[in-house]
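Thanks for asking me to look this over. Please have the sequence and the model open side by side while you read my points.

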Amino acid sequence: MEKKPTLLFVVALALIDENQKILMQIRPLGKSMAGLWEFPGGKVEKGELPEDALVREINEELNISISAQNLTPTCFASEPLGEKNLLLLLYTADKWEGDIIAKEDQKFDWFDLDTISKLDMPPADIPLVANLKKILHK
């Protein structure tokens with residue numbers, strides 16, 4: 001009998017500024033896929049709701065506070081990752097409190113969607129950009 005992959009739930013955020021640019025960050029050294037651009041976020045812990053995980057991860061990574069009520073579920077991606085299968089849930093938000101500071105010393109910058117589509121990104125993030133273009137350019 002074939003072993004089924006374990007699901008790895010990850011949440012990510014397309015944080016949108018007043019100029020309709022989206023914050024992207026570079027994966028830090030020492031992590032898998034280091035040096036690639038990604039949407040900020042992280043793993044959903046056992047017993048944690050995805051929105052709560054994203055609020056926690058964004059505060060841990062970027063030093064800002066986002067209300068779960070300001071998160072809009074936007075799209076998702078599914079990607080094999082070794083013996084696991086990554087399920088990446090992308091949310092959007094355009095309201096936050098605090099100044100953005102990369103707590104893990106990773107580089108970040110604001111980009112328009114056309115520029116984001118040209119960045120080197122992890123495989124699971126790539127389809128999210130195409131979906132964001134469809135959703136945000138209505």
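Which residues does A93 touch, not counting residues up to four places away in sequence?

1. A93 touches L13, A14, L15, I16, N70 and L71 on that count, where contact means heavy atoms within 4.5 Å. A93 has its place in strand 6; helices (H or I, at least four residues) and strands (E, at least two) are DSSP runs, numbered from the N terminus. A93 is buried, with a relative accessible area of 3%. Here buried means under 20% relative accessible area, exposed over 50%, and partly exposed in between (1.4 Å probe, protein chains only). A93 and E83 are ten residues apart in sequence, yet their C-alpha atoms are 32 Å apart in space.

2. A word on the source of all this. This is a predicted model, in which local features need pLDDT of at least 70 and side-chain atom pairs count only at pLDDT 80 or more, while totals for chains, interfaces and linings use all residues. Residues are numbered from 1 along each chain as its sequence is written, and side-chain values use heavy atoms, with hydrogens and water left out.

3. Next, strand 1 and its partners. Strand 1 (6-15) is mostly covered, with seven of its ten residues buried. Ten bridges join strand 1 to strand 6, and these two run parallel; three bridges join strand 1 to strand 4, and these two run antiparallel. Two strands are said to pair if DSSP finds at least two bridges between them. As background, strands of a sheet pair through backbone hydrogen bonds, either parallel or antiparallel.

4. There is also an open sheet of three strands, with the order 3-2-7 and antiparallel pairing. Its edge strands are strand 3 (37-38) and strand 7 (108-111), each of which pairs on one side only. Strand 2 and strand 7 pair in the antiparallel sense over four bridges, and Q25 stands opposite F108 in strand 7.

5. Q25 deserves a point of its own. Q25 is found in strand 2. Is Q25 buried or exposed? Q25 is buried, with a relative accessible area of 1%. The side chain of Q25 makes a polar contact with the side chain of E61 (2.8 Å); a polar contact is a pair of N or O atoms within 3.5 Å, and within protein one must be able to donate a hydrogen and the other to accept it, while residues adjacent in sequence count only if both atoms are side-chain atoms. E61 leads us to helix 1, where A53, L54, E57, I58, E61 and L62 are buried. Seen down the axis of helix 1, its buried residues fall within an arc of 130°, so they line one face of the helix; the arc is that of the directions from the helix axis to the C-beta atoms. These buried residues pack against strand 1, strand 2 (22-26), strand 4 (41-43) and strand 6 (84-93). The length of helix 1 agrees with expectation: at 1.5 Å a residue, its 13 residues (50-62) should span 18 Å, and its end C-alpha atoms are 18 Å apart. The expected span is 1.5 Å times one less than the number of residues. Just after helix 1, N63 takes a positive phi of about 65°.

6. Finally, helix 3 and the segment after it. In helix 3, L128, V129 and L132 are buried. Seen down the axis of helix 3, its buried residues fall within an arc of 100°, so they line one face of the helix. Their cover includes strand 1, strand 2, strand 5, strand 6 and helix 2. H137 is found in the segment after helix 3 and counts as exposed, at 54% relative accessibility. H137 touches L113 and L132, not counting residues up to four places away in sequence.
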